[in-house]
Amino acid sequence: MTLDLAGLKPAEKQYYLQHVIAPRPICFASTIDKEGKVNLTPFSFFNLFSSNPPIVIFSPARRIRDNTTKHTLENVLEVPEVAINIVTFDMVQQVSLASCEFPKGVNEFIKAGFTPQPSTLIRPPMVKESKVKLECRVNEVKSLGNDPGSGNLVICEVLKMHIDESLLDADKKIDQRKINHVARLGADWYCVVNENNLFEVEKPNTQIGVGIDALPLSVRHSKILSGNDLGQLANVYEIPAVDPSFDDVNLRQIIQYYSINPTDMEKELHSYAKKLLEERKIKEAWQVLLTI
Ligand SMILES: Cc1cc2nc3c(=O)[nH]c(=O)nc-3n(C[C@H](O)[C@H](O)[C@H](O)COP(=O)(O)O)c2cc1C
């Protein structure tokens, strides 16, 4: 299916875009109006755009239903400050409750059962229950249009971060496994980030990978090695040389059993290399592949 966005209704554009631009982190934004009335609302059109200056952006869009603007947008135009509370799994149902279209002036801290905690540099309070909070100044609000669904970029400079001690390791570094971020996808879908679905991809910053085009043809056109496998193999900064001291019992067996049938031997070697790659043994996988 190919979609020409210009031909879609606003709700359809939102439907397709929100399902595919996903998962999106959730900013739980606390703002106040000029009379000091507090508002608390989740926004998943949210991300980090610069670390120096430290800039995050979220977007309260015009309502598709009636093209009206969100209270959060009106508030930041009156008082350009926002406390952004990062949403984690233990808060998600209350956060969703806070997204109800309560009348202007209703305090969602009370409606959704969160505890206001005074900020130190800005007027809107933070959410005590959130494990990471950002005190932000709004530098600019940029409207992206006047039609239903049009976003409004709220460009925020992070002035202060508050990180719950429970997320830190002994060196005061954040343990990514402990945050349990929640993120939004399409329709009612959410996901949680935890130890079961986190994984690491090593990226050498100083050395440049050889690239998939530099891999030996038999590896590149392998029916067994996947794109992810090739990506790991091609991330070495030079094609390794055969290491005569490399000794592996499985490799010896493959050579012994399949030496009379080179096609089957290649298949076995690729399968074994794949297994090694799954175990992050890149050097070993290369030695197996260099056997051919
Ligand atoms: C998890 C979640 C993420 C949301 N993200 C957005 C968003 O990025 N932009 C938006 O305009 N509305 C978003 N909404 C809907 C608003 O939260 C909802 O319209 C809210 O009532 C607006 O509140 P306000 O008028 O008090 O600012 C989201 C709702 C939920 C539950």
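This is a predicted model: local features need pLDDT of at least 70, side-chain atom pairs count only at pLDDT 80 or more; totals for chains, interfaces and linings use all residues.
View A. Residues are numbered from 1 along each chain as its sequence is written. Strand 11 (residues 182-184) is paired with strand 12 in the antiparallel sense through 3 bridges; two strands pair if DSSP finds at least two bridges between them. The open sheet has 3 strands in the order 1-11-12, with antiparallel pairing. Its edges are formed by strand 1 (24-25) and strand 12 (190-192), each of which pairs on one side only. Helices (H or I, at least four residues) and strands (E, at least two) are DSSP runs, numbered from the N terminus.

View B. Most residues other than glycine have a negative phi, and most peptide bonds are trans. Asn180, in the loop between helix 5 (176-179) and strand 11, has a positive phi near 60 degrees. Asn180 counts as partly exposed because 17 C-beta neighbours lie inside 10 Å. Ala187 belongs to the loop between strand 11 and strand 12, and its phi is also positive, near 45 degrees. Ala187 has 8 other C-beta atoms within 10 Å and is therefore exposed. Burial is counted from C-beta atoms placed from the backbone: a residue is buried if 20 or more others lie within 10 Å of its own, exposed if 12 or fewer, and partly exposed in between.

View C. Strand 6 and strand 9 are antiparallel partners over 5 bridges, with Ile84 facing Leu134 as its bridge partner in strand 9.

View D. Strand 10 pairs with strand 9 in the antiparallel sense over 11 bridges. Arg137 stands opposite Glu157 of strand 10. Glu157 is also the bridge partner of Ile55. Strand 5 (residues 54-58) runs antiparallel to strand 10 and is joined to it by 4 bridges, and Phe58 stands opposite Val154 in strand 10.

**View E. Helix 2 packed against the sheet.** In helix 2 (residues 71-78), the buried residues are His71, Thr72, Leu73, Asn75 and Val76. These buried residues pack against strand 2 (27-32), strand 3 (38-43), strand 6 (81-86), strand 9 (132-143) and strand 10 (152-163). Two residues are in contact if their C-beta atoms, placed from the backbone, lie within 7 Å.

**View F. The shell around the ligand.** The shell holds 17 residues, of which Phe45, Lys70, His71, Thr72 and Ser99 come nearest to the ligand; a residue is near if its C-beta atom, placed from the backbone, lies within 6 Å. Strand 3 and helix 2 each supply at least two shell residues. The largest share, 4 residues, comes from strand 3. By residue type, the shell divides into 6 nonpolar, 8 polar and 3 charged. Ala, Val, Leu, Ile, Met, Phe, Trp, Tyr, Cys and Pro count as nonpolar, Asp, Glu, Lys and Arg as charged, and the others, Gly among them, as polar.

**View G. The surroundings of Val127.** Val127, a residue of strand 8 (residues 126-127), is buried because 27 other C-beta atoms lie within 10 Å. Leaving aside residues up to four places away in sequence, Val127 touches Phe28, Ser30, Asn85, Phe114 and Lys133. Val127 and Phe28 are 99 residues apart along the chain, and their C-alpha atoms are separated by 8.6 Å.

View H. The bond from Ala22 to Pro23 is cis, with omega near -5 degrees. Pro23 is situated in the loop between helix 1 (10-20) and strand 1. Asn52 and Pro53 are likewise joined by a cis peptide bond, with omega about 5 degrees. Pro53 occupies the loop between strand 4 and strand 5.
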